[in-house]
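Morning, everyone. Please bring the model up on your screens.

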Amino acid sequence: MSRMLGVSVFCGHARSRSRCFSSSANGLRVLLAKEQDIHFNLATENYLIEQLKPRAPVLFLWRNQKTIVIGRHQNPWQECDLHRMESDNVALARRYSGGGAVYQDLGNTCFTFLGPASSFDKDRNNAIILRALEKFGIHGEASGRNDLVLKGSGRKFSGAAFKHIGEASLHHGTVLMDVDLEGLGRYLTPSKLKLQ
């Protein structure tokens with residue numbers, strides 16, 4: 001499966017010389033994308049949830065070249081500067097969860113938690129992300145329904161969206177690390193109401 005999907009598989013047992021490590025996240029299987037193409041990565045996410053139907057928690061980590069990703073109900077002509085995106089070779093993709101338009105580049109890491117709907121736990125997923133960031137000296141906390149923010153300043157560094165698909169659940173989002181913040185203003189055209 002990993003060769004077909006273009007991902008490295010990290011699992012909870014390090015028996016062989018494969019790329020495995022012991023996970024402290026209680027049997028969480030981690031998939032790491034090799035591709036940096038939004039369409040490939042969203043297709044992989046879709047394949048994982050709809051075809052594999054994971055019975056145990058899976059974390060898929062991925063990054064994309066310059067991209068705008070919009071939610072399933074958004075209008076790209078209202079949310080994006082499509083002419084500028086085309087001239088700068090910025091991809092456009094639609095995810096099948098809700099949420100707003102997001103600018104992504106290689107300074108941003110995307111995460112997707114997949115698993116059975118019966119064990120869906122947004123707080124557990126957020127805790128995994130926050131604990132990982134603490135290892136790099138970044139102290140954050142959950143805020144509101146979908147965000148992770150820096151403790152103290154309240155500056156948002158992560159947003160997320162959720163989707164229940166049959167008996168499976170998906171929780172995906174972004175972690176801004178060294179993203180081109182000017183790209184946010186260059187390619188996104190949010191309404192003034194959203195910025196208030």
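Which helix and strands each supply at least two residues of the lining of the largest cavity? Keep in mind that this is a predicted model. The elements are strand E7, residues 108-116, helix H5, residues 122-134, and strand E11. E7 gives the most, with 4 residues.

Now the cavity itself. The count comes to 1 cavity of 30 Å³ or more. The largest cavity holds about 80 Å³ of space. Its lining includes Phe 113, Leu 114, Gly 115 and Pro 116. Pro 57, Ser 119, Phe 120, Arg 124, Asn 125, Ser 169 and Leu 170 line the cavity too. By type, the lining divides into 6 nonpolar residues, 4 polar and 1 charged.

Next, pick one of those lining residues: Ser 169. Find Ser 169 in strand E11, which covers residues 168-176. Is Ser 169 buried or exposed? Buried, because its relative accessibility is 2%, and the cut-off for buried is under 20%.

What does the side chain of Ser 169 meet? A polar contact of 2.5 Å joins it to the side chain of His 164. Now set aside the neighbours within four places in sequence. Ser 169 is then in contact with Ile 49, Ala 117, Lys 163 and His 164, among others. Its contacts also include Phe 113, Leu 114, Gly 115, Pro 116 and Phe 120. Those five residues are also in the cavity lining.

Technical notes: Residues numbered from 1 in each chain as written. Predicted model: local features only at pLDDT ≥ 70, side-chain atom pairs only at ≥ 80, totals over all residues. Heavy atoms only, no water. Buried < 20%, exposed > 50% of the residue type's maximum accessible area, 1.4 Å probe, protein only. Polar contact = N/O pair within 3.5 Å; in protein donor to acceptor, adjacent residues only side chain to side chain. Contact = heavy atoms within 4.5 Å. 1 Å grid on protein atoms, 1.4 Å probe; cavity = no way out; pocket = protein on both sides within 12 Å on 5 of 7 lines; lining within 4 Å. Points joined across faces, edges and corners; volume = space filled by probe spheres on them. Nonpolar A, V, L, I, M, F, W, Y, C, P; charged D, E, K, R; others polar.
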